[in-house]
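The exercises below are meant to be worked through with the sequence and the structure open side by side. Try each task before reading the solution that follows it.

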Amino acid sequence: MASFASTECSLPLPQSRLSLPTQHKHHHGNGGCSTFLQLQRAATHKSKSLSFTVSAQGTIPRVSVERNDRSSFVKTSAVRYLTGSVTRTQGLRFAVVVARFNEIVTKQLLEGALATFKNYSVQDEDIDVVWVPGSFEIGIAAERLGKSGKYHAVLCIGAVIRGDTSHYDAVANSAASGVLSAGLSSGVPCIFGVLTCDNMEQALNRAGGKSGNKGSETALTAIEMASLFEHHLK
């Protein structure tokens, strides 16, 4: 005598019907065995559910799934792209931390940054310049400025030039990690504008020479990040 089992259950699901029919029949002598699995979503005006019945007679399954209302997929709103603006500078305040070491380079980087701020309508009274002894000290000054709540971004300017010892690596790495830590700790964008060059010629080329002025480039980055945080990420 063939065995028979029936199970019914109801699960909440979004309104739809799935249909993936497959059929398999297998006969043994005078008898036959089949298994039928049907999944159907039933919805009312108050709730939606999935009901299914499993009946087994023998061991070979037959599965039927139906899809209903293909337009019932979850609809998402349009993706929003948030970017900073270099034209919405009104009310934005900036601090510039400048290392005095290698001043022949850092002073030109500062001049490039200030010129860019002016070109993008940042007022002089909205900029404070803070001098520190060297690039190693930039990070801690930037963190204090960021935590003061007075500035929308802190621009960090310095120049580390490789010498005959490993001192270059220690200072360059410390300057980079210090500026990063200042931004993470204060929640205010701290922009890395420290040159790390093999020689003085490379540094001067990046401070207004044939490679442009990196101080100007980082000032533009500071404006964009300040705008992004002020208008979108508050």
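**Exercise 1. The chain as a whole**

How many helices and how many strands are there in the protein chain?

*Solution.* Bear in mind from the start that this is a predicted model. The protein chain contains 5 helices and 11 strands. Of its 234 residues, 33% are buried. As for contacts between residues at least 6 apart in sequence, 78% of them join residues at least 24 apart.

**Exercise 2. Salt bridges around Arg93**

Which residues are joined with Arg93 into one network of salt bridges, and which parts of the chain does each pair connect?

*Solution.* The count for the model comes to 7 salt bridges, and two of the pairs to examine here involve Arg93.

Step one is the pair of Arg93 and Asp126, whose side chains meet in a salt bridge with an N to O distance of 3.6 Å. Arg93 lies in the loop between strand E5 (61–65) and strand E6 (94–99), whereas Asp126 lies in the loop between H1 and strand E7 (127–132), so the pair ties together parts that are 33 residues apart in sequence.

Step two is the pair of Asp128 and Arg93, in which the closest N and O atoms are 3.1 Å apart. This pair likewise links distant parts of the chain, with Asp128 in strand E7 and Arg93 in the loop between E5 and E6, 35 residues apart.

Step three is accessibility. Arg93, at 22% relative accessibility, counts as partly exposed, and Asp128, at 27%, also counts as partly exposed. Asp126 counts as buried because its relative accessibility is 16%, and the cut-off for buried is under 20%.

Lys214 is partly exposed, with a relative accessible area of 26%, and Glu217 is partly exposed at 42%.

**Exercise 3. Phe101 and Thr106**

Are Phe101 and Thr106 buried or exposed, and what does each touch?

*Solution.* Take Phe101 first, which is found in the loop between E6 and H1. Phe101 counts as exposed because its relative accessibility is 56%. Leaving aside residues up to four places away in sequence, Phe101 touches Thr106, Pro133, Gly134 and Ala159. The C-alpha atoms of Phe101 and Pro133 are separated by 6.1 Å, although the two residues are 32 residues apart along the chain.

Thr106 lies in helix H1 and, at 0% relative accessibility, counts as buried. With the same exclusion of sequence neighbours up to four places away, the residues that Thr106 touches are Val98, Ala99, Arg100, Phe101, Trp131, Ile157, Gly158 and Ala159.

**Exercise 4. Backbone angles in two loops**

*Solution.* As background, most residues other than glycine have a negative phi. Asn102, which is not a glycine, has a positive phi of about 60°; Asn102 lies in the loop between E6 and H1 and is buried, with a relative accessible area of 17%. Ser121 also has a positive phi, near 65°. Ser121 is found in the loop between H1 and E7 and, at 48% relative accessibility, counts as partly exposed.

Technical notes. Residues numbered from 1 in each chain as written. Predicted model: local features only at pLDDT ≥ 70, side-chain atom pairs only at ≥ 80, totals over all residues. Heavy atoms only, no water. Salt bridge = Lys/Arg side-chain N within 4 Å of Asp/Glu carboxyl O. Helix = DSSP H or I, 4+ residues; strand = E, 2+ residues; numbered from the N terminus. Buried < 20%, exposed > 50% of the residue type's maximum accessible area, 1.4 Å probe, protein only. Contact = heavy atoms within 4.5 Å.
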